Structures are given as structure tokens and as C-alpha cells.
Amino acid sequence: MADRLDRRPPQTAPEPRGFGRALLVLEKEIKEEIYDCRMCGQCILHSTGMSCPMRCPKSLRNGPCGGVMIDGSCEVLPDRPCVWVQAWEGSRRLPVWRSHMEHLNKPVDWRLQETSSWENLLSRRDRHAPAAWAAYEQRSAR
Ligand code: SF4
């Protein structure tokens with residue numbers, strides 16, 4: 001049932017080998033331990049006060065939904081704090097990237113799931129955005 005409801009596109013990145021494979025394993029080990037990383041392949045930790053936005057049950061990349069509880073907990077998982085409350089608090093403590101909290105992040109590209117965001121950054125694979133997003137960015141740059 002869950003498989004049928006999953007509308008994410010399949011991965012398109014090639015199977016990592018050699019150095020790419022080592023990078024993937026290293027990133028996964030480090031970031032899962034420190035940030036509870038979900039390996040989305042397009043890291044925006046610098047824009048979210050080092051709080052991983054993919055831990056949000058709704059996978060929101062641009063701030064909280066309207067359901068944050070008055071005590072700052074998540075409406076879906078009430079025993080956990082909202083990752084966006086943590087993001088804001090974390091961003092205030094950062095010596096750098098503070099203003100990145102105000103950046104508008106493009107939609108997540110699910111094809112990069114389970115790939116290395118480090119490799120995707122270097123190869124620029126994480127630059128892909130839907131056409132409508134590119135048009136929005138062009139308009140904003142004017
Ligand atoms: S934003 Fe993506 S790559 Fe970065 S910590 Fe979260 S899941 Fe991992």
C-alpha cells in the first residue's frame with residue numbers, strides 16, 4: 001500500500017562506485033549520526049540552522065506548517081519538537097549563514113534521494129530545478 005502511495009520519481013543518479021561510493025558512505029555515517037540526516041542528496045543545513053528539514057514528517061523545506069503546537073512541538077509527532085522551531089533557534093546561534101534562514105529553497109528533487117549531497121554539490125547535479133522554479137528565480141533577479 002505504502003509503495004503505491006509513494007509518488008516520488010525513481011532515482012536517476014548512477015550507482016556510485018570507487019571514490020563516489022566512499023564519499024556516500026562517509027557522508028551517511030557522519031551526517032546520520034550528527035544531524036539524523038535522511039540523505040536527500042541536496043543538503044540545505046546551512047539554511048536551516050543545522051536542523052535537517054527532511055526530519056519534518058511533511059518534508060517541508062521552507063518553514064513550518066500551520067500546525068506547530070504552542071509549546072513548539074510537531075502536530076504530526078507531538079512527542080517531538082518541530083524541526084523548524086529548532087531550525088530558527090539553531091540559526092540564531094550560528095556564527096555564519098544566519099541570514100540563509102531567509103532563503104527560499106527550491107522544491108526537493110526526490111531523484112537524488114540516497115545519493116551524496118557532497119558529490120551532487122561538486123557535480124552540480126543538485127542545481128536541477130523545475131521549469132516553473134527557474135522562471136520564478138529569473139523574475140526575482142530582475
Ligand atoms: S538536508 Fe538532506 S543531506 Fe542535509 S542533513 Fe537533511 S537529509 Fe541530509
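This is a predicted model: local features need pLDDT of at least 70, side-chain atom pairs count only at pLDDT 80 or more; totals for chains, interfaces and linings use all residues.
Hi everyone, let me start with confidence: the mean pLDDT of the protein chain is 90, and 91% of its residues reach 70 or more. For anyone new to it, pLDDT is the predictor's confidence in each residue, from 0 to 100. Residues are numbered from 1 along each chain as its sequence is written.

Now the overall fold. The protein chain has five helices and zero strands, and from the N terminus on the order is α-α-α-α-α. The radius of gyration is 16 Å, close to the 14 Å that the globule rule gives for 142 residues, so the protein chain is as compact as a globular protein of that length. That radius is taken over C-alpha atoms, and the rule is 2.2 Å times the number of residues to the power 0.38. Helices here are DSSP runs of H or I with at least four residues, strands are runs of E with at least two, and both are numbered from the N terminus. The C-alpha trace spans about 45 × 40 × 40 Å along its principal axes.

How much of the chain is buried? Of the 142 residues, 20% count as buried; the cut-off is 20 or more other C-beta atoms within 10 Å of a residue's own, with exposed at 12 or fewer, partly exposed in between, and C-beta atoms placed from the backbone. Among contacts between residues at least 6 apart in sequence, 60% join residues at least 24 apart. A contact means that two C-beta atoms, placed from the backbone, lie within 7 Å.

On to the domains. The assignment, which is automatic or from a database, gives domain 1 (13–42 + 108–131) and domain 2 (44–106). Their centres, taken over C-alpha atoms, are 20 Å apart. Eight residues of domain 1 are in contact with nine of domain 2, and the side of domain 1 that touches domain 2 has five nonpolar, one polar and two charged residues.

Which residues are closest to the ligand? They are C37, C40, C43, C52 and M54, in a shell of 13 residues, each with its C-beta atom, placed from the backbone, within 6 Å of the ligand. That shell holds ten nonpolar, one polar and two charged residues, and it draws at least three from each of domain 1 and domain 2. For the classes, Ala, Val, Leu, Ile, Met, Phe, Trp, Tyr, Cys and Pro are nonpolar, Asp, Glu, Lys and Arg are charged, and the others, Gly among them, are polar.

Last, some backbone details. Most residues other than glycine have a negative phi. S59, however, is not a glycine and has a positive phi of about 55°. S59 sits in the loop between α2 and α3, and it counts as exposed because it has 12 C-beta neighbours inside 10 Å. R124, also not a glycine, has a positive phi of about 65°; R124 is in the loop between α4 (117–123) and α5 (131–141). With 8 C-beta neighbours inside 10 Å, R124 counts as exposed.
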